[in-house]
Amino acid sequence: MRLRRLSGLSRYSRHQQLRELLGPGPGPSCREESQAQPRARLRCCSRRRLFLHLPRDNRLLSFEPSPARGPAPSPLDRSFPGAEQLLEVLELERQGPGSGDPERPGSSSSSSAALITQHGRAEFWSCREAEGWQLLQAADLCSGPRARLLSAAWDGHSISWCEERPGPSAPPQHCICSRSLGPGPGLTLGPVRTLMHNNPAYRLHAAGEVIYLLPSNCPTPSNSSIPSNSPSNCPIPGNSPSNCPIPGNSPMHNLVKFILIWSPQEDTLTVTSLARGPLSTRRLLHEDYDFTRLVADVAGILPSLPSLEIRAVCPCPTGLLLAEANGEVSLIQNDGTARLLCHLSQSLPAEGSMLMELCGTTLAFTLGRTLQLIDTETGRLVEEATLEVQPLGLIPYRETGEIQLLAEDGIYSLGIHPSNSNIKSAFCSRSSQGQEMLEQLVLEEACKYYQKRSLSRSRLTVQKLKSEVKFQAPLTLCSILQNEFYLRKTGHYHQQTYIKLHSIMAGELQSYVNLEEAKSCLVNGSEIEVAAYIEEITEQEIQRLLHCQLDREALVYLNSIFNTFPREAWKAVKRTLHLHQNNEGFFSARATADLWRVILSPGLPPDQSVNTNGAVPVFELICRLLYQFQPKWLPMFIELTQQHLATFRNYGGNESLENVPLYKRALSVIPSACDGGAGDPTETIIELLLCSKRPNAVIQAVRLLIERGMWQRAVEATNRFSQQGPLLKKELFAAMLVQISQHRALDPYLEEIWQLCPEDTTVTDILDIILGSVPSSCESGPYSSDGNQLTIGLLRPLLTKVLTRGEDQQWTGMAEGLKTMVFPPPTPPRQKNAIDQPNPLSVEPSLEANKTL
């Protein structure tokens, strides 16, 4: 470690007295180093001066830097009565323009400090180079005489504090109050304003122009103890005693999971947490706010949040540094955004001396005598060393990027190079390769943040973050970029890198702004406007999802949209695919080849189809909407998709686009008739089977038509699909013969059915089918009184056609044979005259035709 000892404590006036006060006190306890304690408590430590509190004498001393010329200014030496316990020492430095006014606190020629006691007594002191420290004014901050202050902070314009008001019989109540401090010789105090009441005890920390309210009863391990609330019993856990947590009087478990941020300039209270970031924001509107109302907005989120186990706190210009028990060091910014800076190599104990300070991009952290320097850009440990002296405080010099360490025997410089802590010099000294590396580190940090929030098992990379629209929290990423590349306090930034990263995020930020505007319209709009907004948002989301590569999360999300907003989803699909049917009944759709490929996709790969919560592919979703809102279009849509599927195959498409026939996928989303609901799905099922044009499906559809007694449609379907092949024609003809042999419903269609008789069917085949299908309960005898039985007269035309077809084929064969015979032909043999023997097929119908088979 590049420690360089400065000129001891000689930079401060009365350095010998300061050395004696910081060193261990005399007594038996100094024999053991673990029991050696300084005789003074460091109350405030800055580059201007040190404030030490002597608990035994209840006395406050100031130590000013020794001037280069002239005599040293008179130090502040203030003793308090026994009942008045010193609570806070606040250096009053004003923010914004006008801070250089000599009459104002924080000017270059004078400085001021406020000494706050536990009973609400405030003393305002001013220090001038020639005159030293003088008391300007003393006033009571609290309006009640029995009130007690637990913590106080200065935001540059007003003093805020957490006040405990004891009740006559009930337990004491806590509230957050504030008083503005006007400029001028008299330091005019404004009226007391109660910001919030009925709240638990809070510890106040000022960082920039906002006040952070941390719960004072943060949980700690059971085998450790928390120091008491008395400042005299508080060790030196950080750069100031404000790092010491205050234990609460009640174990309100959910109240130690979030942090409040009060912005006096915007007059808002923000609820934030380290795990989730900002939770809610409320405007105070110049009236006190009930704590229970504030917590009610986030009551549902609190049980899922982890409890805060804060070990050290340090304000910095960009926010508030928090070190947790698990070793994580985070930065909470003014808007409530939480950013993880680094993870220490060890867990932090509940007790022990801890210091930390952020200067530029370098974090200095001490635990006991161990000093670590961490680069917050990468979260990596730069250096680690064991000190020979006990550190008492860290003094940042942000103008030069230097951090000094205050010890018992002197002041040490940590030797941090300015390029590690100053943004401007760092950017100027690095090459273009270093810029790309820094950009990569920022995006990797964003990937880690999103990975924690995502439920996906796939690892998020920088390439996916840039190309596949994976930003889920644009505000958080904006805060990362702001802290890494654009520090508003210093105004130093690297223009090219900032513009490059901003161009990556521009589209996502615009989408985020549009989403926020849509949310506000949904909240404030009427019922008709809300319905229109939902329809528009649903259409945009469906179009976005259908035009990208669907993974498991996107498919589950698409299913949720279709299930939650079915009517809006139907309108979106109709407009996206341009589904239309003209007056002539022609059905059409217009979509790109990539969109058809997404629609015809069979689903997710086997490695991604696990835990999809019952999500179905896109094709099934569209078929379900068609059956629900336009069932007559569903068969035509199946025919259309089959044409596009054939097109993909003809042009070398992937055969895996259809693992299951499309009509079967459509049938899978149609509920059965026994499930109830509106209408009978059998009609749609028949149309789907027929439009598939597959032999098995056509036969199944004809049988369903026969079962429902739809004879006309059954005959028409048989006529239409008999032309596809001889096997299908034979199956359909046999199915019709079975029905003809059992009843007389098909008698009006016999001529059409006889035309379907296959060429290779014989009389024997016909009689076998008919005799095998005739009901066994028919009456015996040639004449039956049941008019539902099949008769010979009904079959006569069919048999005549089959036998005539056979004779025609025989005469055709004879004619072919005569072509090869010689002329004249030989004399035929004599045979008996058969004129009196009639042909059985030319006999006129008689009573014999009515005989039953």
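Here is a short chat about the predicted model shown above.

Biologist: Hi! How many helices and strands does the chain have?
Modeller: Hello! This is a predicted model, and its chain has 22 helices and 32 strands.

Biologist: What share of the residues counts as buried?
Modeller: That would be 45% of the 853 residues in the chain.

Biologist: What about contacts between residues at least 6 apart in sequence, how many join residues at least 24 apart?
Modeller: Of those contacts in the chain, 56% do.

Biologist: Switching to cysteines: how many disulfides are there?
Modeller: The count comes to zero. C177, for one, is in no disulfide.

Biologist: Which cysteine sulfur is nearest to C177, and why is that pair not a disulfide?
Modeller: The nearest is that of C175, 3.6 Å away.

Biologist: Is C177 buried or exposed?
Modeller: C177 counts as buried because its relative accessibility is 0%. C359 also counts as buried, at 1% relative accessibility.

Biologist: Nice. Now the rings: how many aromatic pairs turn up?
Modeller: Searching the whole structure gives eight aromatic pairs.

Biologist: One more: where does R78 lie?
Modeller: R78 sits over the face of F80, 4.7 Å from the ring centre.

Conventions. Residues numbered from 1 in each chain as written. Predicted model: local features only at pLDDT ≥ 70, side-chain atom pairs only at ≥ 80, totals over all residues. Heavy atoms only, no water. Helix = DSSP H or I, 4+ residues; strand = E, 2+ residues; numbered from the N terminus. Buried < 20%, exposed > 50% of the residue type's maximum accessible area, 1.4 Å probe, protein only. Contact = heavy atoms within 4.5 Å. Disulfide = S-S within 2.5 Å. Phe/Tyr/Trp six-rings, centres within 6.5 Å; stacked < 30°, edge-to-face > 60°. Lys NZ or Arg CZ within 6 Å of the ring centre and 35° of its normal.
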